[in-house]
Amino acid sequence: MFEIGEYVVCGAKGVCQIRDITHIDMSGADKEKLYYVLAPVGDKNGTIYVPTDSEKIIMRRTISKEEAERLIDELPQIELLWVPDDKQREETYKEALRTCDYHAWVSIVKTLYQRKKERLAQGKKATAVDERYMKAAENGLYGELSLTLGVPREKMENYIRERLS
């Protein structure tokens, strides 16, 4: 079980802080169950309720500073997540985001960056689906790295570039 005040990564929601662990009085909610009350980092008004025994929603602790630095160093070796079929691609990205696996987030970002570059070279724009999943994967990845490394979120991309060069 996680503790109040701890930072976690929650499904596709990204980095959250555990604000409380309690029973909730809401219609449709099991009043006997304990819930994590999560505050998404970067969304001051957001609140997420997750049953402490949920098997559907994946939650994990944020990575350590050492793991974050190792991940950045490994970025060039992480494979693309190339799926030629549009419908299959969206489903693959959606599942990868849900896993809370930062390697999967990197694969999505790298793939969509490459795909966008290719589409622009052909005179096409990036698709709305690609933009949506790029934003979601970057938010998860950069949000977690920002928190762990103490680098502002908006400077994370430059931090990564500098570290790799």
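A: Two strands pair if DSSP finds at least two bridges between them, and strands (E, at least two residues) and helices (H or I, at least four) are DSSP runs, numbered from the N terminus. The model is predicted: local features need pLDDT of at least 70, side-chain atom pairs count only at pLDDT 80 or more, and totals for chains, interfaces and linings use all residues. Residues are numbered from 1 along each chain as its sequence is written, and side-chain values use heavy atoms, with hydrogens and water left out.

Q: In what order do the five strands of the open sheet lie?

A: The order is β4-β3-β2-β1-β5, and the pairing is antiparallel. Strands β4 (48-51) and β5 (59-61) form the edges, as each of them pairs on one side only. Direction ignored, neighbouring strands are turned against each other by 45° on average; such angles come from axes fitted to C-alpha atoms, for helices over the stretch in contact, and run from 0 to 180 degrees between N-to-C directions.

Q: How many bridges join β1 to β2, and which residue of β2 stands opposite valine 9?

A: Strand β1 (residues 7-10) pairs with strand β2 (residues 14-22) through four bridges, in the antiparallel sense. Valine 9 stands opposite valine 15 in β2, and tyrosine 7 faces glutamine 17 in that strand. The hairpin of β1 and β2 has three residues between the strands, and glycine 11 in this hairpin takes a positive phi near 45°.

Q: How many bridges does β1 make with β5?

A: There are three, and β1 and β5 run antiparallel.

Q: Which bridges join β3 to β2 and to β4?

A: Six bridges join β2 to β3, in antiparallel fashion, with glutamine 17 standing opposite alanine 39 of β3. Between β3 and β4, also antiparallel, there are four bridges, and tyrosine 35 stands opposite proline 51 of β4.

Q: Which strands does α4 lie across?

A: Helix α4 lies across β1, β2 and β5, and runs at about 75° to β2. Contact means heavy atoms within 4.5 Å.

Q: Is alanine 121 buried or exposed?

A: Alanine 121, a residue of helix α3, counts as exposed because its relative accessibility is 70%. Alanine 121 and proline 51 are separated by 70 residues in sequence and, C-alpha to C-alpha, by 46 Å in space. Proline 51 is the residue of β4 that tyrosine 35 stands opposite.

Definitions and conventions
Buried < 20%, exposed > 50% of the residue type's maximum accessible area, 1.4 Å probe, protein only.
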